[in-house]
Amino acid sequence: MMSAPLLIASASGDELELRPTGSWTVVNAATLEQLSASIAPQLARARSVTVNMSGVRELDTLGAWLIERLSRHLASGGQRAHIVGAAEDYIDLIEELRQVNRRRNPGPTERNSIADRFEMLGRAALAAVLDLSTFLQMLGAICLAAVGVLRRPRSFRLTSLVYQIYRVGWQALPIVVLITFLIGAIIAQQGIFHFRKFGAEAYVVDMVGILVLRELGVLIVAIMVAGRSGSAYTAELGSMKMREEIDALSTMGLDPVDVLILPRVVALIVALPILAFVGAVAALYGGGLVAWFYGGMSPVTFIARLHEAISVTHFEVGIIKAPFMALVIGIVACSEGLRVKGSAESLGKQTTTSVVKSIFLVIVLDGLFAVFFASIGM
């Protein structure tokens, strides 16, 4: 039969002896809390406290924690606490709780701002090198998988490719058409508004046509694909990684790059140029409507001026960029998906990282292509 817990305190000068007795278990939790609170005034006056546990008949985690909490409270006030008389069965429990939530509290240290900046710079450089290494590894794996498909065409998963093209291309058409239509309309409206001051409204057609076909059309579409399809790829592969489905494929003797990554990347390479073309047409249509209703330029005049302003070269410059941007988006999305750890937080972090990196690299790639095409006269 369990005996009621007691806590007997006897003081001798600056020394206080506590003798807990009875059952110090969770069944008597309310009583134990009251006993611990009742001796607070005596603890404040004592310099040294001895806890004699020879009278404790039963002890569980709650009781041991109350005694440990008492010891820590005394230590924080510069007092000493000694625990004696504990039964051998309870010593391990007391020692284990003594290590719970122990954190070192180092004193204040002087920080070297210059050293900290160099450390941050080094960490950023290391992270950039690791990202580049991961990118190149994924690029190499995709190239090897593509070579394997060329050697064994029957091994390519055509059904998966068609499905991914449907998701990336066909389902993305409405949002791509809407956004590019609005972009073309806004460019035309702003151009007419400002060019009208100089009597040069006709040059709005040149601006809209060249910007849309060479730069903004494919760039806007690539950014939308990175945010829509790239994030979806990362989330899908990350979820598979968390559920160990990718490991299961490897165990079955299947290469995850062949099964999961190659069809997705090829689908992006096929769909993005088509989306860029449709987006360019939608942007030109939006610009033409604004020029008609806002600028008073008839559709016949707009088309005639557009025919004079642009050439096939402008169209080629935009379309050539699209497959490379698609490749970059696919590599980043898939590599970030495979870096997901076993938590939902990691999945969200890598998905966000995938979108940010993809958009950044797409813009950088567009700038590099702009310099390259300008250098060769295109």
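**Salt bridges and charge in a predicted model**

The structure holds 12 salt bridges (a side-chain nitrogen of Lys or Arg within 4 Å of a carboxyl oxygen of Asp or Glu). This is a predicted model, where local features need pLDDT of at least 70 and side-chain atom pairs count only at pLDDT 80 or more, while totals for chains, interfaces and linings use all residues. Residues are numbered from 1 along each chain as its sequence is written, and side-chain values use heavy atoms, with hydrogens and water left out.

Trainee: Which residue forms a salt bridge with Asp366?

Mentor: Side chains of opposite charge can pair when their charged atoms come close. Asp366 lies in helix 13 (residues 344-375), and its partner is in helix 12 (residues 312-338), so the pair ties together parts 45 residues apart in sequence; helices are DSSP runs of H or I, at least four residues. The closest N and O atoms are 2.9 Å apart, and the partner is Lys321.

Trainee: Is Lys321 buried or exposed?

Mentor: Good one to check. Buried means under 20% relative accessible area, exposed over 50% and partly exposed in between (1.4 Å probe, protein chains only). Lys321 has a relative accessible area of 0%, so Lys321 is buried.

Definitions and conventions:
Helix = DSSP H or I, 4+ residues; strand = E, 2+ residues; numbered from the N terminus.
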